[in-house]
Amino acid sequence: KMFSEQGKIVLWDSYEFAPIGRPHLYPPLEHILIWFFRSLTHASYMVIGRGIVVFQTFMALGLTWFISRKFFNAFVAFLALVFFTAGAEHWWWQTAVTPLTLVALLFLPTLFLYYKRHILTSILALTACLYLHYGLSLYLILVIFSATISQASYRKVYLKNFFIILGASLILFSPWLLHVYHFKYYLFHHAKPLPTQPLFSLNVPYEKILTKLNMVFWIFLIPGMVYCFRRIKEDFKYCLFFVGFLCSFLYLFFFDGIRFHAHLPIVNSTIAALGAGVVLEARKYLKSRMLVHATKVFLGSLIVSVVFVESHFLTEKRVSFSPTPLLNEIRAFVYWRPLERQDIRPFFNNRETQLLLDFVRQHIDKEEIIHINRGDLADYITLQTDRKTDSGMYWEILTPEMMKKVYALRTKGYFISSIKNFDNLLPEDYIEKKKFPVILRKIGQNYLGYL
């Protein structure tokens, strides 16, 4: 929105945490794409967002199948597609407008381009990833580098290419990197703890991660991992996938545990497909024809079950089952009702949200800065009503000094909070003096007040 309205790449975010603002440090490529489509179509940002979701959903499916087929064969590509769409948490990210979703699209193609030693296109792909998302780009670089140095024969063929590709990509990324370096203080002095955890931190919620493991997926992922490991020296592609599996643990599990399941299938869906092929092939060693047929039916049923049901273990109930995204889509179509996701529905499908937006448009001037603590709602208000707020999403780019200034300015104006006396928004001296805003209206869970 800022890029489009100001007609340039914005380096300072004046829409969030107004009037203080903060540096815009997130890679800007998706912002530029939305700006481009806005200039081209003059469509609303919500329509553009829905268009991006449709595009990236079909691209995710198409590229997963196409690249897996290029790496292996059509059978593996089909199974990779099955496993890629089986994880609810991963697929939720794939149907959201986020830069990391676009990196997920480019991940396998970048591995394939590097494997085929296409230097120029590899540079363009890696540069695009860097301009989209820091974390997944680092994961991609880690996979490529680790696979390259793992064997002397691969170092001889790929190491020079790796440094050319990485060096050129970093040169192309350097303008933004210098901008980030200039505001590095904001990255290392957080007003709130980061949602990610330090490497090998004991604070990572491992028990929550483990309870989300899909049993059937792992039944095939483990033999797929073994299959790749045994063929590491035969072909570099097996090394890439095996190292991708390891890095998904070393990087995603230990460092970014909260998003482990969201990004796990990017590489591992193809590995699980290889594992399923190995398990199905093993049936030929059975001597009884009836046993062979029964095994084939059983394994086929397991694979089909992945499409419709997630099977979790290590839960309080020992084993639990939940519908996959595809089954949710089918149910929504059959019963003609929108998909239910508790943390998203209040924003886009709830009448209360529209009533809140209508109140803001009708009663609050555009020059007013709305006081609110909920970042996602703050951004939605700004997007839909052109009113600025003193909150925003992604608190990793905030400093304590900045937030003190924000709280100090919350002395008058309009307040929106789920707490009746608004004490989560007010300066401490106002709370001590019991100087609270007058409640104008309650809409859903939110109180609207004025001081």
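Visitor: In what order do the five strands of the open sheet stand?

Guide: First, the basis: this is a predicted model, in which local features need pLDDT of at least 70 and side-chain atom pairs count only at pLDDT 80 or more, while totals for chains, interfaces and linings use all residues. Residues are numbered from 1 along each chain as its sequence is written, and side-chain values use heavy atoms, with hydrogens and water left out. As a general idea, strands of a sheet pair through backbone hydrogen bonds, either parallel or antiparallel. Here the order is β6-β5-β7-β9-β8, and the pairing is mixed. Strands are DSSP runs of E with at least two residues, helices are runs of H or I with at least four, and both are numbered from the N terminus. Two strands pair if DSSP finds at least two bridges between them.

Visitor: Which strands stand at the edges?

Guide: β6 (388–389) and β8 (438–443) do; each has a single partner strand, so one side of each is left without a neighbour in the sheet.

Visitor: How many bridges join β8 to β9, and in which sense do the two strands run?

Guide: Five bridges join β8 to β9 (residues 446–450), and the two run antiparallel. V438 stands opposite Y450, and I443 stands opposite N446. The hairpin of these strands has two residues between them, and G444 takes a positive phi near 65 degrees there.

Visitor: What are the partners of β7?

Guide: β7 pairs with β5 in the parallel sense over two bridges, and four bridges join β7 to β9 in an antiparallel arrangement. F415 of β7 stands opposite H371 on one hand and opposite G449 in β9 on the other. Y414 and I416 point one way from β7, F415 and S417 point the other way, and all are buried. Buried denotes under 20% relative accessible area, exposed over 50%, and partly exposed in between, with a 1.4 Å probe and protein chains only.

Visitor: Which residues have the most contacts inside the largest nonpolar core?

Guide: The general idea is that in soluble globular proteins, nonpolar side chains tend to be buried together. A nonpolar core is a set of buried Ala, Val, Leu, Ile, Met, Phe, Trp, Tyr and Cys residues joined through side-chain atoms within 4.5 Å. In this model the largest one has 78 residues, and those with the most contacts inside it are F71, F83, F107, L111, F236, F241 and V267. Helix α6 (residues 99–115) supplies the largest share of this core, 11 residues. A second, separate core of 16 residues includes F359, V360, I364 and I416.

Visitor: What does V267 touch, leaving aside its neighbours within four places in sequence?

Guide: Its contacts (heavy atoms within 4.5 Å) are with F107, L111, Y139, F241, G244 and F245.

Visitor: Is Y158 buried or exposed?

Guide: Y158 counts as buried because its relative accessibility is 7%. The residue is found in helix α9 (residues 152–182). Not counting residues up to four places away in sequence, Y158 touches Y114, Y115, R117, T148 and F236.

Visitor: Where does the backbone have a cis peptide bond?

Guide: Most residues other than glycine have a negative phi, and most peptide bonds are trans. A cis peptide bond joins A18 and P19, with omega about 0 degrees; P19 is in the loop between β1 (12–13) and β2 (22–23). As for phi, H42 has a positive value of about 60 degrees although it is not a glycine. H42 is in the loop between α2 (29–41) and α3 (45–71), and it counts as exposed because its relative accessibility is 65%. R117 also has a positive phi of about 60 degrees, and it lies in the loop between α6 and α7 (119–130).

Visitor: How many aromatic pairs does the structure hold?

Guide: There are 27. Rings of Phe, Tyr and Trp (its six-membered ring) pair if their centres lie within 6.5 Å; planes under 30 degrees apart count as stacked, over 60 as edge-to-face and the rest as tilted. The rings of F3 and W35 have centres 6.2 Å apart and planes at 90 degrees, so this pair is edge-to-face. Because F3 lies in helix α1 (residues 2–6) and W35 in helix α2, the pair ties together parts that are 32 residues apart in sequence.
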